[in-house]
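Here's a quick briefing to read with the model open beside you.

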Amino acid sequence: MSRKLIVGAAQLGPIARNETRARAVARMVELMHQAHARGASLVVFPELALTTFFPRWYMEDQADIDAFFEQEMPGPETQPLFEAARELGIGFYLGYAELALEAKTPRHFNTSILVDASGSIIGKYRKVHLPGHSEHEPWRPFQHLEKRYFEPGNTGFGTTQAFGGTMGMALCNDRRWPETYRMLALQGVELMMLGYNTPIHYPPVPAHDHLQGFHNHLCMQAGAYQNGMWVVGVAKAGKEEGCDLLGQSCIIAPTGEIVAMASSQEDELITYECDLDRTCEIREHIFNFDLHRRPETYGLITDPLT
């Protein structure tokens, strides 16, 4: 039985602060129609795909902050995405800001969901590795207040059986941490989906600005190769509210090779036929965990520091 899956990486160009969710969703639905025309079964959208990247602004009024969060999914403005999935028979990954009520307490997460071709939510992930800072730092040309507006995800790194294989999710900064890929690989993930919003300028270490594209691909290619998995990394790109965001959305094979990459900083769909059985090339040979891995020597990775 073939396990070849045509996957679409649906990069989004800038979303203005005053752009409505309805408009952003309409742009995504258009990309889903393009994916359908190319025979795709799964489309991956960016992190925080419904709004501008709001952590770049310092806000004190919780109502202003909560306006960027979704209290239900799907809601009235996001319902068209789910309807398109059912109409076209295409699943999708979507990143958004989630406001959840747990034990009567509001919880704020940077979240992604996986939706199947029937329009049903079949997986959810909440971002573990939150970058940035929690207090206003006026010296920055723009803020990166994810630590202020979100709490670390409480779902861990889970998997979903869908689209003929084992799927996993991550978000943006998670890609920089090797543990993300390893945790998913240890559970058999064959394809990891990851949306990101990455400023090209990094105020604390501006000397690294020219390396943003290199580092973006370096960590995802290494994670794909060292864990024998497909990686689909999808950007919100372009100059958004004066902030330059990295594009370079890509699909990476289990060999670490980039097999498709966006060429613009606008809304753009790239597709590739991902053969999930290609994970065996790595997992049964180069990085056969059962044969070669030595977890008894890796205690410092998780043992409490003393």
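This is a predicted model: local features need pLDDT of at least 70, side-chain atom pairs count only at pLDDT 80 or more; totals for chains, interfaces and linings use all residues.

The largest pocket holds about 550 Å³ of space, and the structure has 19 salt bridges. Some of those bridges link distant parts of the chain, such as the one between Asp 267 and Arg 27, 240 residues apart.

**Pockets**

- The largest pocket comes in at about 550 Å³, and 24 residues line it.
- If you want to find its centre, look for Pro 178, Glu 179, Arg 182, Arg 293 and Ile 301, which are the closest lining residues to that point.
- Helix H5 (178-185), helix H6 (212-227) and helix H8 (289-292) are the elements that each give two or more residues to this lining.
- By class, the lining of the largest pocket splits into 12 nonpolar, seven polar and five charged residues.
- The second largest pocket has a volume of about 420 Å³, with 18 lining residues.
- Closest to the centre of the second largest pocket are Pro 131, Asn 173, Arg 176, Tyr 202 and Gln 212.
- The lining of the second largest pocket has six nonpolar, nine polar and three charged residues.

**Salt bridges across the chain**

- Asp 267 pairs with Arg 27, with 2.6 Å between the closest N and O atoms.
- Asp 267 sits in the loop between strand E13 (258-261) and strand E14 (268-275), while Arg 27 belongs to helix H1 (residues 21-37).
- Lys 127 and Glu 47 form another salt bridge, their closest N and O atoms being 2.8 Å apart.
- Lys 127 is in the loop between strand E5 (121-126) and helix H4 (146-149), and Glu 47 is in the loop between strand E2 (42-44) and helix H2 (62-66), so this bridge ties together parts that are 80 residues apart in sequence.
- Both Lys 127 and Glu 47 are buried.
- Arg 56 bridges to Glu 240, and here the closest N and O atoms are 2.9 Å apart.
- Arg 56 lies in the loop between E2 and H2 and Glu 240 in strand E10 (residues 238-240), which puts the partners 184 residues apart.
- Arg 56 and Glu 240 are both buried.
- There's also a salt-bridge network, made up of Glu 98, Glu 102, Arg 107, Lys 124, Arg 126 and Glu 151.

**Asn 110**

- Asn 110 is part of strand E4 (residues 105-115), and it is buried, with a relative accessible area of 1%.
- Its side chain makes a polar contact of 2.8 Å with the side chain of Glu 47, the residue that also bridges to Lys 127.
- The Asn 110 side chain makes a polar contact with the side chain of Glu 146 too, at 3.4 Å.
- Beyond its neighbours within four places in sequence, Asn 110 is in contact with residues including Leu 48, Tyr 96, Tyr 125, Lys 127, Phe 150 and Leu 171.

**Glu 190**

- You'll find Glu 190 in the loop between H5 and strand E8 (191-196).
- Glu 190 is buried, with a relative accessible area of 9%.
- Neighbours within four places in sequence aside, its contacts are Arg 3, Gly 165, Thr 166, Met 229, Trp 230, Leu 276, Thr 279 and Arg 283.

Notes:
Residues are numbered from 1 along each chain as its sequence is written. Side-chain values use heavy atoms; hydrogens and water are left out. On a 1 Å grid over the protein atoms alone, a cavity is a set of points where a 1.4 Å probe fits but cannot get out, and a pocket is an open set with protein on both sides within 12 Å along at least five of seven lines; lining residues have an atom within 4 Å of a point. Grid points are joined across faces, edges and corners, and a volume is the space filled by probe spheres set on the points. Helices (H or I, at least four residues) and strands (E, at least two) are DSSP runs, numbered from the N terminus. Ala, Val, Leu, Ile, Met, Phe, Trp, Tyr, Cys and Pro count as nonpolar, Asp, Glu, Lys and Arg as charged, and the others, Gly among them, as polar. A salt bridge is a side-chain nitrogen of Lys or Arg within 4 Å of a carboxyl oxygen of Asp or Glu. Buried means under 20% relative accessible area, exposed over 50%, partly exposed in between (1.4 Å probe, protein chains only). Contact means heavy atoms within 4.5 Å. A polar contact is a pair of N or O atoms within 3.5 Å; within protein, one must be able to donate a hydrogen and the other to accept it, and residues adjacent in sequence count only if both atoms are side-chain atoms.
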